[in-house]
Every structure is written in C-alpha cells, then in structure tokens.
Amino acid sequence: MTASSNSIAPRDESKTVHFDSTAHLMNRISSQLASQLSLVSLDGRRRPEPPALVVVAHGSRDPRALRTVRGLLDKVRDRRPGLPVHLGHIELNEPLLTDTLKALGDREAILVPLLLSRGYHVKRDIPEMAAETDVRARVAPALGPHPLLVEALHARLVEAGWEESPRPGSAVVLAAAGSRDPESKVDMARMAALLSTRLEVPVVPAYATTAAPTVPAAVEALTARGYDRVAIASYFTAPGRFATECAEAAPWTASAPLGTHPAMADLILHRYDQMTSLRGAGNCATSHTRPAVAV
C-alpha cells in the first residue's frame, strides 16, 4: 500500500545538514591536499614557493566596496588553489598595503593593482609603499586596457538592459574616476575604442572628477549629435561615490561596476602570471624600481 501525499514522512533536516557539512569538509581537505601536492615535484623534492599575490585596492568609505573586493579575491582563490592571495589598500580601508606587506616579511610578492589605468597610484604610491617593507615586490601594470575588461563591461551593460543588436541612436559613455596623469587618458581612449568595437556603437570616455569631459558633459554632447539612447558603462572596480554619481547622470540606463565578474578574477591572475613569467626570464625588478610594463 503506497502512502498518500498527506502521509509523506517529514524530511530529516539533521541528516541533510550533516551530509552538507561532511561534503564541505571533504572539499576543504581535498583543496588543502592539492595545495600541498603542488609544492612537491615528481622526484619528491619540494618546489619553490610561488610568490604571494597581493591585490592592491584603492579603498573606499562605502562599505559595499570592501565587500565587493573581498568577494573578488574569493573568486581568485577558487581559480588558483594553493596560491597565497592577500589584500592591501592604499588608503581608507584596512588592511593597508604596508601592513599586509610587513606581515609577509622578506618573501617574494607580486602586487596587482585593482586599478583600471595608469596613474599616480600605480607609478608612485604602490612602489613607494612597498619600498617601506622588506618584501621583494614586483608591481604589475594596471588592469586596463584589456579585452577581458571589455567582456565584463559588455556583460554589465546587458544586465542593465543593453541589447545585443542596439537600435540606431544608441551610444555609450565609459565613466571612470579620472586622473591628472595623461597616460590615464590614453588608456581610457584605448578602452573606449575596444568597447566600441565590441558594441558597434560610439563609446565616449568621461570622468567623475579631475579630467574632462565630465560624464554629464559627454551625455549632453552625444545627445546634441542625435543619440537618444545613451547608456553609461560604469568603469569602476566596485561601488562607491563616484560610481553612484556617474550612474545618476544616465539619461537611459547605467551598468553596475565591474565587481566580481569572472573576467576580473581572470585578469588579476593574468597580470600575476605575466610578472612571474618576467621573473622566470631573469628580469628581477624590486619594490624600489618603477613598475614593469605588460599588456
């Protein structure tokens, strides 16, 4: 005799929780074992420890920014089990970069700026902060411009309502923080060109502060040229005041910051791998040198 739907035995939640906890524990053990085995070569000798990856964020008073950055680092760790991944901030948030590096002692580290273009922070602040510690540091280039950022920008725009085949009159303002460094504007122009090719519409770089044009000015200029469906692509790594202000200037729609998009984690590891390749070739820059250039 089969039981009716009204007589189904209640689910034993305690067994489910126990099973999930056991599976989680086994996954952790497997990951730790894989990490340990990766340090041992086939002949049984211990491989040299890889340089630590230190992701350098700017820092923000907006609590969403720190949560976003930590979530992004979790994605990086998931992609590269066994790689020591650390976080340091230039200002406003803890841990500060100098504190993170001091905790590493005199070991080797690759510093990957969570910044999207060249500028004072990449050229001066990060190397100078590293030079205050004993870490043997190499500073990677800024994340942008790069095709992986195009994929992240495109995905965020689609999430905001951008159509794969935009109708006539569509255009995009690529909104960034802004910098006085002329090389930052060069990087922005290249990024706008890459995104324009991907979207097949005009893309105009604009800034929240310091540089021109401002985001509202870029929107106004495009509108004056007959573009009546202007989207703002948020070229920020995490939420914050500038990202919010730029989004508010959108006449149609604005995308979310790049955040924890998978392409961001891939790009951080790409920059790390570039610097370890240079290390393997014998190009031994230290924390006292200018950052190496890679694309």
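Select R118, K123, D181, E183 and D187 together: in this predicted model, these residues are linked in a network of salt bridges.

Within that group, keep K123 and D181 on screen. They form a salt bridge, and the closest N and O atoms are 2.7 Å apart. Now colour the secondary structure. Is D181 buried or exposed? D181 is buried, because its relative accessible area is 14% and buried means under 20%. K123 has 22% relative accessibility and counts as partly exposed.

Stay on helix α4 and select R124 and E128. Their salt bridge has its closest N and O atoms 2.9 Å apart. Both residues belong to helix α4 and are four residues apart, about one turn of the helix. Check the surface here: R124 is partly exposed at 40% relative accessible area, and E128 is partly exposed at 37%.

Next, go to helix α8 (residues 241-248) and select R241 and E245, which are four residues apart, about one helical turn. Their side chains meet in a salt bridge, with 3.3 Å from N to O. Which of these two counts as exposed, and which as partly exposed? R241 counts as exposed, at 56% relative accessibility. E245 counts as partly exposed, at 37%.

To finish, zoom out to the whole structure. How many salt bridges does a search of it find? The search finds 15. Those visited above include K123 with D181, R124 with E128 and R241 with E245.

Terms used: Residues are numbered from 1 along each chain as its sequence is written. This is a predicted model: local features need pLDDT of at least 70, side-chain atom pairs count only at pLDDT 80 or more; totals for chains, interfaces and linings use all residues. Side-chain values use heavy atoms; hydrogens and water are left out. A salt bridge is a side-chain nitrogen of Lys or Arg within 4 Å of a carboxyl oxygen of Asp or Glu. Buried means under 20% relative accessible area, exposed over 50%, partly exposed in between (1.4 Å probe, protein chains only). Helices (H or I, at least four residues) and strands (E, at least two) are DSSP runs, numbered from the N terminus.
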